[in-house]
Each structure stands twice: as C-alpha cells, then as structure tokens.
Amino acid sequence: MRIVADTVRCEGHGLCADTAPEVYDLDDEALVVLLHDPVPAELERKAEAGARVCPVAALRVEA
Ligand code: SF4
C-alpha cells in the first residue's frame with residue numbers, strides 16, 4: 001500500500017502525524033512527509049487512520 005500526499009493541499013495541521021507518527025511527519029515548512037513508501041503491512045491501518053483525519057483530504061490511499 002502507498003500513500004500519496006498532496007503537498008499543495010496540505011495546510012500543516014499535523015493531525016495525520018498526531019494520529020500515526022510512525023507513518024507521517026512534518027517538515028520545517030509544516031508540510032507532510034511520508035516516512036515509508038510503500039507503507040509496510042504492519043502500519044497500513046495506522047496510515048489509513050492518519051489519512052482519514054486530514055481536514056483538507058491531502059492524503060490518498062492507493063492499494
Ligand atoms: S493532516 Fe492533512 S493538512 Fe494536516 S499535515 Fe497531515 S496532510 Fe497536511
């Protein structure tokens with residue numbers, strides 16, 4: 001599984017990183033950074049949960 005991050009849409013709220021810090025981080029400009037590509041199987045549920053909480057839908061889950 002992969003996560004595609006739209007860094008133009010990302011507003012740096014950080015909810016993804018709060019929900020799944022193993023999967024998401026923020027860079028110096030408060031834009032989302034993916035820590036794994038692809039996402040390892042054991043982190044898929046957390047990755048999906050983090051993508052769901054993004055208030056601007058900047059994270060897309062790909063099978
Ligand atoms: S929750 Fe969405 S807007 Fe906030 S940092 Fe993550 S990707 Fe960006």
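By class, which residues make up the shell around the ligand? The shell has nine nonpolar, three polar and one charged residues. Here Ala, Val, Leu, Ile, Met, Phe, Trp, Tyr, Cys and Pro count as nonpolar, Asp, Glu, Lys and Arg as charged, and the others, Gly among them, as polar.

The model is predicted: local features need pLDDT of at least 70, side-chain atom pairs count only at pLDDT 80 or more, and totals for chains, interfaces and linings use all residues. Residues are numbered from 1 along each chain as its sequence is written, and side-chain values use heavy atoms, without hydrogens and water.

The structure holds one cavity of 30 Å³ or more. A cavity is a set of points, on a 1 Å grid over the protein atoms alone, where a 1.4 Å probe fits but cannot get out; lining residues have an atom within 4 Å of a point. The volume of the largest cavity is about 90 Å³. This is the space filled by probe spheres set on the points, which are joined across faces, edges and corners. The lining of the largest cavity numbers 14 residues. Of these, 10 are nonpolar, three polar and one charged.

The ligand sits in the largest cavity (more than half of its atoms lie within 2 Å of the grid points). Around the ligand are 13 residues, each with a heavy atom within 4 Å of it. C10, H13, G14, C16 and C54 come nearest to the ligand. C10, H13, G14, C16 and C54 also lie nearest the centre of the largest cavity.

Terms used. 1 Å grid on protein atoms, 1.4 Å probe; cavity = no way out; pocket = protein on both sides within 12 Å on 5 of 7 lines; lining within 4 Å.
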